[in-house]
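Me: I would like to learn how to read the features of a protein model one at a time. Could you take me through them, with the general idea before each case?

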Amino acid sequence: MKTAVVTGSGGLIGSETVRRCAKEGFLVLGIDNDMRSYFFGDQASTRWLSDSLQEQYENFIPHKLDIRDYAKLEKLLREHAVDIELIVHCAAQPSHDWAAREPLTDFSVNANGTLNLLEFTRQYAPRATFIFTSTNKVYGDLPNTLPLIETATRWEVQPDHPYAEQGVDESMPIDKCKHSVFGASKVAADIMVQEYGRYFDMNTVCFRGGCLTGPDHSGAQLHGFLSYLAKCVLTGTEYTVFGYKGKQVRDNIHSKDLVDCFMHYHKNPRPAEVYNIGGSRHSNCSVLEAIGICEEMTGKRMKYSIDNANRSGDHIWWISDVSRFRSHYPEWNYTHDVKSIIGEIMAGLDKRLGGKPC
């Protein structure tokens, strides 16, 4: 039976990938040890989502396994190797701030874990498609050197700049800048994924994501911008904005739209590709603008404060130029914009929380 392996299968993108692959007839092997609860506390646990997926899909088999343990990874997957057609690697330590607390843990998960999966694929399933959820943080703080102008609600790149029309493309360098410890570990993984594609002629791809979001995001203060913000406005929890007057801009892509990118790539893979992927000019907002949308949707005033200190290496303005991916896969398109995304997040949180504080 054709088989897909999804790491981080209880997370936002992993769970969406599980659904899509299960519906398309794959046997889906999920790998998730709920380490997100270790990173961000019990409120960020993904266990509820893993349990829900197991109830919904008979062809989904979850495994509590740490991707840093190559021996156990190999033992689990080797018996399925001949049938593995797709590996979607979503498991990660995703926070700037947390990475600085435990750099060894961050690097071992993001870099060593990725290498383990690549080497398994090379040894046992070399023709499989290997999809890596990288990040725009591989560009470090270099985007902060762009010429920006300040408006009432956001920072914006100067209109005569090459990135103004469509956003940042893949030509932006990834070195000679501050990445944060998290960004550096993702750079290591990103480059290794490319290298396995080029050196070993494997179908590998890096999707360098902006803000990946959706209704199943287990948002926390240190990761999950829109989800955590929505949770705060629904529960009356004060939200802290870190730096840049709350005018920092993020592009936001719905998890379903991103997973649709994965499937387009899988059906027609291009070895060692790299794509910037996010909401682009289609779906983006500043923190202040997101707060305004949440307030408008709920009719509630949000309690928030602005800390003048920004997070180290954090971007002031980021919008992904997705034109490279579109040129290779012209049939792909967005199904959600930022307002519809926030609306779905609100509805999902309201259902899960049942009107109770998180």
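Predicted model: local features only at pLDDT ≥ 70, side-chain atom pairs only at ≥ 80, totals over all residues.

The dialogue below goes through sheets, a strand, cores, a helix pair and some backbone angles.

Me: How is a sheet read, and what is the order of the seven strands in the open sheet?

Reply: Strands of a sheet pair through backbone hydrogen bonds, either parallel or antiparallel. Helices (H or I, at least four residues) and strands (E, at least two) are DSSP runs numbered from the N terminus, and two strands pair if DSSP finds at least two bridges between them. Here the seven strands follow the order S3-S2-S1-S4-S5-S8-S12, with parallel pairing. Strand S3 (60-63) and strand S12 (273-277) stand at the edges with a single partner strand each, so one side of each has no neighbour in the sheet. Neighbouring strands are turned by 15° against each other on average, direction ignored; such angles run from 0 to 180 degrees between N-to-C directions, and the axes are lines fitted to C-alpha atoms, for helices over the stretch in contact.

Me: Which residue stands opposite glycine 30 in S3?

Reply: Proline 62 is the residue opposite glycine 30, and the parallel strands S2 (residues 27-31) and S3 are joined by four bridges.

Me: Where do the side chains of S12 point?

Reply: In a regular strand the side chains alternate between the two faces of the sheet. In S12, Glu273, Tyr275 and Ile277 point one way, whereas Val274 and Asn276 point the other way. Five of the five residues of S12 are buried, so the strand is largely enclosed by the rest of the structure; buried means under 20% relative accessible area, exposed over 50%, and partly exposed in between (1.4 Å probe, protein chains only).

Me: What is the order of the three strands in the other open sheet?

Reply: The order is S9-S11-S13, and the pairing is mixed. Strand S9 (211-213) and strand S13 (284-286) are at the edges, each with a single partner strand, so one side of each is left without a neighbour in the sheet. The twist averages 40° from one strand to the next. Strand S11 (residues 249-254) pairs with S13 in the antiparallel sense over three bridges, where aspartate 251 has asparagine 284 as its bridge partner.

Me: How many residues are in the largest nonpolar core?

Reply: A nonpolar core is a set of buried Ala, Val, Leu, Ile, Met, Phe, Trp, Tyr and Cys residues joined through side-chain atoms within 4.5 Å. The largest one has 32 residues, and those with the most contacts inside it include Val28, Phe207 and Phe325. Its largest share, six residues, comes from H9. Apart from it lies another core, of 26 residues, among them Leu27 and Phe130.

Me: At what angle do H8 and H10 pack?

Reply: Two packed helices are described by the angle between their axes and the distance between the axes. H8 and helix H10 (residues 287-298) pack at about 45°, with their axes 10 Å apart. The two helices are therefore oblique to each other, given that angles under 35 degrees count as roughly parallel, over 145 as roughly antiparallel, 65 to 115 as roughly perpendicular and the rest as oblique.

Me: What is the phi of aspartate 201?

Reply: Most residues other than glycine have a negative phi, and most peptide bonds are trans. Aspartate 201 has a positive phi of about 55° although it is not a glycine, and its place is in the loop between helix H7 (180-199) and S8. Aspartate 201 is partly exposed, with a relative accessible area of 46%.

Me: Is tyrosine 244 buried or exposed?

Reply: Tyrosine 244 is buried, at a relative accessible area of 16%. The residue lies in the loop between strand S10 (239-242) and S11, and its phi is near 60°, again a positive value in a residue other than glycine.

Key
Residues numbered from 1 in each chain as written. Heavy atoms only, no water.
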